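Trainee: I have this structure open and would like to go through it with you, starting with the terms.

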Amino acid sequence: MAYIEPSEFVTKMVDSGEQKVFMSTKDTFIRAFMAGAILGLAAIFAITVAVKTGQPLVGAILFPVGFIMLYLMKFDLLTGVFTLVPLALIDKRPGVTLGGVLRNWGIVFCGNFAGALTTAFMMSFILTYGYSVDGGAIADKVSHIGEGRTLGYKEHGLSGWFTIFIRGMLCNWMVSMGVVGAMISTSAGSKMAAMWMPVMLFFFMGFEHSIVNMFLFPFSMIMGGDFTIADYFIWNEIPTALGNLVGGFLLVGLPLYLTHVRTSPNRTVA
């Protein structure tokens with residue numbers, strides 16, 4: 001049977017977090033770059049399907065293809081390392097420090113951003129034949145998404161900022177369930193099924209994912225979205241990344257660790 005008990009796979013989560021802390025800078029960056037690039041491609045694929053079919057659910061059903069591909073290749077997303085890497089620190093693995101955790105997060109952030117940005121430029125070049133024609137319906141759709149999910153939140157001030165933050169939490173609650181889900185089995189088919197469901201949910205619900213947005217918003221600006229780089233970071237990327245951090249660690253990594261690794265003794269009944 002390919003199923004792995006939670007007490008076993010949660011230990012694997014801690015081991016994985018430790019391994020990522022000690023991974024070389026080169027390998028960490030390459031894996032993050034590829035993850036950001038593939039996820040960006042999956043995002044534009046899903047949007048293209050949704051625009052051409054008029055059915056957003058179809059796009060959401062197909063979006064997890066990119067997520068599954070990158071995790072089967074053991075590439076790293078910032079949302080995943082937010083969940084796994086701190087577990088090695090709280091488990092007091094030898095040599096794992098807060099500095100090591102922050103180093104991993106910093107390199108993965110830069111790698112994801114570089115990969116997503118590369119895909120954004122390639123896709124914008126393709127759609128416009130080298131920026132010589134209009135990008136069409138897909139470019140128009142993405143540019144409006146970028147405006148709505150920056151300036152739309154900005155209109156609501158602090159409440160808008162926290163709305164993005166909470167959407168980021170909910171997003172990485174689901175995405176991290178996909179990351180963890182891939183560890184409950186040694187079968188590729190079971191891993192794919194476990195990853196598919198929560199990732200589809202987050203995409204269809206419009207929750208905020210910091211790496212998808214690293215592709216979506218630069219692409220939107222290239223395609224004529226009327227907002228600034230500061231709008232993007234203040235009114236989307238920063239609160240989204242913070243929400244992803246809190247959601248992934250507090251709603252997935254920490255509860256699993258506390259109840260399956262730091263298990264309390266059974267209570268005695270008189």
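Mentor: A residue is called buried under 20% relative accessible area, exposed over 50% and partly exposed in between, with a 1.4 Å probe and protein chains only; the areas come from the Shrake-Rupley method. This is a predicted model, in which local features need pLDDT of at least 70 and side-chain atom pairs count only at pLDDT 80 or more, while totals for chains, interfaces and linings use all residues. Residues are numbered from 1 along each chain as its sequence is written, and side-chain values use heavy atoms, without hydrogens and water.

Trainee: Is Asp76 buried or exposed?

Mentor: Asp76 is buried, because its relative accessible area is 3%.

Trainee: And which side chain does Asp76 meet in a salt bridge?

Mentor: The partner of Asp76 is Lys20, with 2.7 Å from N to O, where a salt bridge needs a side-chain nitrogen of Lys or Arg within 4 Å of a carboxyl oxygen of Asp or Glu. The two residues come from distant parts of the chain, 56 residues apart, with Asp76 in the loop between helix H4 (64-72) and helix H5 (78-90) and Lys20 in helix H1 (residues 6-22); helices here are DSSP runs of H or I, at least four residues, numbered from the N terminus. Lys20 is also counted as buried, because its relative accessible area is 9%.

Trainee: How many salt bridges does the structure hold?

Mentor: There are 8 salt bridges in the structure. Among them is the pair Lys26 and Asp27, at 3.4 Å from N to O, in which Lys26 is exposed with a relative accessible area of 55%, whereas Asp27 is partly exposed at 27%.

Trainee: What about Asp91, and which residue does it form a salt bridge with?

Mentor: Asp91 pairs with Arg262, and the closest N and O atoms of the two are 3.6 Å apart. Asp91 is buried, with a relative accessible area of 17%, while Arg262 is partly exposed at 47%. Both residues also belong to a network of salt bridges that links Asp15, Glu18, Asp91, Arg93 and Arg262.

Trainee: Changing topic, which residues touch the most other members in the largest nonpolar core?

Mentor: Within that core of 66 residues, the ones touching the most other members are Met13, Phe63, Phe67, Phe202 and Phe215. Helix H2 (residues 25-53) provides the largest share of this core, with 9 residues. A core joins buried Ala, Val, Leu, Ile, Met, Phe, Trp, Tyr and Cys through side-chain atoms within 4.5 Å.

Trainee: What does Phe63 touch?

Mentor: Leaving out residues up to four places away in sequence, Phe63 touches Leu39, Ala42, Ala43, Ala46, Val199, Phe202, Phe203 and Val212, a contact being heavy atoms within 4.5 Å.

Trainee: Where is the place of Leu251?

Mentor: Leu251 is found in helix H12, and it is counted as partly exposed because its relative accessible area is 31%.
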